[in-house]
Amino acid sequence: MSDTNVISDPEVQRAREVLANARRPFAFIGAGLSAASGIPTFRGPKGAYSDPAIVDWVHVETFETGDRAGMLRWYEERKDDLKKVWPNPGHYALARLGIQNSMSVATQNVDGLVEQAALEEGAMVEVLHLHGTLSEARCHNCRAVYPASRVDYNDSPKCRMCDGPLRPNVVWFGEELPHHAWEDAMIAAVHCDVCLLVGTSGLVYPAAQIPESAKERGATVIEVNPAETALSELADIRLVGKAETILPFLVADEG
Ligand code: OAD
């Protein structure tokens, strides 16, 4: 959808009104939101998972019994790549929705770009990190947390408390989601009246249960995605297009 099409699209206008009148809006976001910032999504022809090695590097077994050094090298590169990327118009719009409408945001992304956009907009938005964050490292054994900027994953870093191996503070397949983020996101989802889904395939559980719960409890679901997803059938309003193009038009006093 081009900018002119977005402005005149009645579904975009409807979504904007629904969001402007929402009492407890909630957003559930995924990798597509950060695609325009240059961070590849996971799935799809150009997704990170088209490299089979990367599929191994998101599993806890690889860290415990496989190519730990290769895995950590990839995370060091991802950490470095984050220094070169910036929020895109989708992040800024979501941050403004968060600030103006007190919208809760739960993300599966580990890049911190929504918070960065909010800070640049001059306010804080609480973002619930369902899959952790690359900005932190943690001990695989005792879970002590360190700023990732102080850790070089290429050096087999060790915990100062227990000498256990350090790793990024992200969630890998085979691990549980962080308890607080999960609980708070579920609470926000079951109490929200509008649930905005942005840039997620909705294929990964348990995270995808969160928007399902919002729908079950009667929320109006708005999906922003250029493709049909596993969650599209939940959507009352489907906005077929890119987050960076559509989200700026959903902010009430803009567009
Ligand atoms: P996916 O890679 O599964 O899906 C990305 C979604 O973004 C797809 O539905 C695309 O159509 C959509 N998309 C692409 N470009 C977009 C754009 N410019 N604007 C809006 N949408 C766009 O990513 P996630 O759903 O985030 O977990 O993946 C969920 C989890 O799977 C990730 O957190 C990660 C992965 O395995 C772990 O590593 C535990």
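How much space lies in the second largest pocket? In this predicted model, the second largest pocket holds about 350 Å³ of space. Its lining is made up of 18 residues, and those closest to the centre of the pocket are K79, L82, D111, L134 and S135. Helix α6 provides the largest share, with 4 residues. By residue class, the lining of the second largest pocket divides into 6 nonpolar, 6 polar and 6 charged residues.

Strands β4 and β5 form a hairpin, with 5 residues between them. Within the turn of this hairpin, R143 has a positive phi of about 70 degrees. In a regular strand, side chains alternate between the two faces of the sheet.

Aromatic contacts were examined next. A pair of aromatic rings is described by the distance of the centres and the angle of the planes. The structure holds 5 aromatic pairs. In one of them, the rings of F42 and Y49, the centres are 5.2 Å apart and the planes lie at 45 degrees, so this pair is tilted. An angle under 30 degrees would count as stacked and one over 60 as edge-to-face. Both members of the pair are partly exposed: F42 has a relative accessible area of 24%, and Y49 has one of 21%. These values fall in the partly exposed class because buried means under 20% relative accessible area and exposed means over 50%.

Y75 and W172 form another tilted pair, with 5.9 Å from centre to centre and 55 degrees between the planes. Y75 belongs to helix α6, whereas W172 is in the loop between β6 (166-170) and α9 (179-191), so the pair ties together parts that are 97 residues apart in sequence. Y75 and W172 are both buried. These two residues also belong to a cluster in which ring pairs link W57, F63, W74, Y75 and W172.

At F63, the charged end of R68 sits over the ring, 4.1 Å from its centre. At W172, R167 lies over the face of the ring, at 3.7 Å from the ring centre.

A further residue considered is D56, which lies in helix α4 (residues 52-56). Is D56 buried, partly exposed or exposed? Its relative accessibility is 45%, so D56 counts as partly exposed. The C-alpha atoms of D56 and G66 are 8.8 Å apart in space, and the two residues are 10 residues apart in sequence.

Technical notes. Residues are numbered from 1 along each chain as its sequence is written. This is a predicted model: local features need pLDDT of at least 70, side-chain atom pairs count only at pLDDT 80 or more; totals for chains, interfaces and linings use all residues. Side-chain values use heavy atoms; hydrogens and water are left out. On a 1 Å grid over the protein atoms alone, a cavity is a set of points where a 1.4 Å probe fits but cannot get out, and a pocket is an open set with protein on both sides within 12 Å along at least five of seven lines; lining residues have an atom within 4 Å of a point. Grid points are joined across faces, edges and corners, and a volume is the space filled by probe spheres set on the points. Helices (H or I, at least four residues) and strands (E, at least two) are DSSP runs, numbered from the N terminus. Ala, Val, Leu, Ile, Met, Phe, Trp, Tyr, Cys and Pro count as nonpolar, Asp, Glu, Lys and Arg as charged, and the others, Gly among them, as polar. Rings of Phe, Tyr and Trp (its six-membered ring) pair if their centres lie within 6.5 Å; planes under 30 degrees apart count as stacked, over 60 as edge-to-face and the rest as tilted. Buried means under 20% relative accessible area, exposed over 50%, partly exposed in between (1.4 Å probe, protein chains only). A charge sits over a ring if NZ of Lys or CZ of Arg is within 6 Å of the ring centre and within 35 degrees of the ring normal. Two strands pair if DSSP finds at least two bridges between them.
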